[in-house]
Amino acid sequence: MNLILCLTEQCNLRCTYCYYKDTQAARHAVMDNATLEQAIRVGLERTHSFGQNLLIVSFFGGEPLLRRDAIYHAVGFAKALVAEAIDKGTVGKDFHLQFTINTNGTLFDDEFFDLCEKEKFTIFLSLDGPGHHQDIARRTVNDTGSFKAIEKNIPRFVELKATALSTITRAHIDTVAESIKWLHSQGFRSMTTSVDFDGKWTGEDFERLARQYREMARYWSECRKNGDRFYLGTIQDKVKLLLSGKRYRNYSCHVYSGNLGIATNGNIYPCSRFITSKENAPYKQGNVFTGFDEIACAELHAFLERDKQECEGCDIRHRCSMHECSCTSFYTTGHIDGVSAEVCTHERMVAEICDNMIDNALA
């Protein structure tokens, strides 16, 4: 179970594509310790109820480093709670606790890096690429670029095996492949890209992006042939799904039994992109103090069990994030069963590029 804790809606950046700029527009709410502790209790109980033996506590925001006190508190509380549960036999001795953090990386210092190293944190770092690429959209509250605040710490992020998460906007298109190569040259062994689907992508935009993806696929393939097996999710995930025959939902979407997103006020959501402290928000599954709304939870479970009628007959639907991922559907259409034409076009494009790469490799 991945317990995603929105420690704060506050952030020191104002990224142009932030998908929380509407749902967390006020950017002032923070999670108090009582809610934090109860969320961890609920996460442990839910993990056990599903017969799982791994609880991942993920620190999220906003920028979670603005609440580093809460992170330290949560680590200590979660470790003590799990140890007590093991001692009592509530969970088995093979039960594991892990920590992750999603961060813009601008507020790290040696002390916090040391905590991440000691507790074996998995770090997801929002880093688009070198300065001229990063600073296009990842801006500070004073509208300056954020790259310089991260640059000095890149070696330590690499040392701790951080995954670099890059977002592609229409302003980034022509330097996407260059930026992926740059991230790899810095030592990152795991990276992926996501697209800011803002409803304004044109056919020409997608053609330009396709050229970048083809270069990324060529680069990834050549690196693999030369024994460099770094992870590039944009390409690798589509290849893996084709060759393994798995569905994206089984591989990556965990909205019912794999994720709990907790807002600052304790409201429970199925994944990170749903999280908001607004009352009566869609897809709320309950609150950590009052329990789960099992009817709402069942709606998410049903999503995992059915195909979208609009996607019937599509030969890539089980490899398509539009069809398979509730988060993608929700943030692009407002509903988990919605279908975005932009995402559909993008997914067909990526699948075709990856399939052609495989065909050429096997020829």
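Mentor: The dialogue below goes from the overall fold to a strand and then to salt bridges.

Mentor: This is a predicted model, in which local features need pLDDT of at least 70 and side-chain atom pairs count only at pLDDT 80 or more, while totals for chains, interfaces and linings use all residues. Residues are numbered from 1 along each chain as its sequence is written, and side-chain values use heavy atoms, with hydrogens and water left out.

Trainee: How many helices and strands does the chain have?

Mentor: Helices (H or I, at least four residues) and strands (E, at least two) are DSSP runs, numbered from the N terminus. Here the chain has 14 helices and 11 strands. Its radius of gyration, taken over C-alpha atoms, is 20 Å, close to the 21 Å from the globule rule for 363 residues, so the chain is as compact as a globular protein of that length. The globule rule is 2.2 Å times the number of residues to the power 0.38. The C-alpha atoms fill a box of roughly 60 × 50 × 40 Å along the principal axes.

Trainee: What share of the residues in the chain is buried?

Mentor: Buried means under 20% relative accessible area, exposed over 50%, and partly exposed in between (1.4 Å probe, protein chains only). Of the 363 residues in the chain, 55% are buried. An example at the other end of the scale is Q309, which is exposed with a relative accessible area of 70%; Q309 lies in the loop between α11 and α12.

Trainee: Which strands are joined to β8 by bridges?

Mentor: Two strands pair if DSSP finds at least two bridges between them. Strand β1 (residues 2-6) runs parallel to β8 and is joined to it by 4 bridges, with L5 opposite I262. Strand β9 (residues 267-269) runs antiparallel to β8, with 2 bridges, and there I262 stands opposite I268. The hairpin of β8 and β9 has 4 residues between the strands, and G266 takes a positive phi near 90 degrees in it.

Trainee: How many salt bridges are counted?

Mentor: A salt bridge is a side-chain nitrogen of Lys or Arg within 4 Å of a carboxyl oxygen of Asp or Glu. By this rule there are 26 salt bridges. One of them joins R208 and D174, whose closest N and O atoms are 2.9 Å apart. R208 lies in helix α8 (residues 203-225) and D174 in the loop between β5 (163-168) and α7 (176-185), so the pair ties together parts that are 34 residues apart in sequence. R208 counts as buried, at 19% relative accessibility.

Trainee: How far apart in helix α8 are E215 and R218?

Mentor: They are 3 residues apart, about one helical turn. Their side chains meet in a salt bridge of 2.7 Å, N to O. E215 is partly exposed at 24% relative accessibility, and R218 is partly exposed at 41%.

Trainee: Which residues form one network with R317 and D307?

Mentor: R317 and D307 themselves meet in a salt bridge of 3.4 Å, N to O. Both residues lie in the loop between α11 (294-305) and α12 (321-324), 10 residues apart. Salt bridges that share partners join R247, R249, D307, R317 and E324 into one network.
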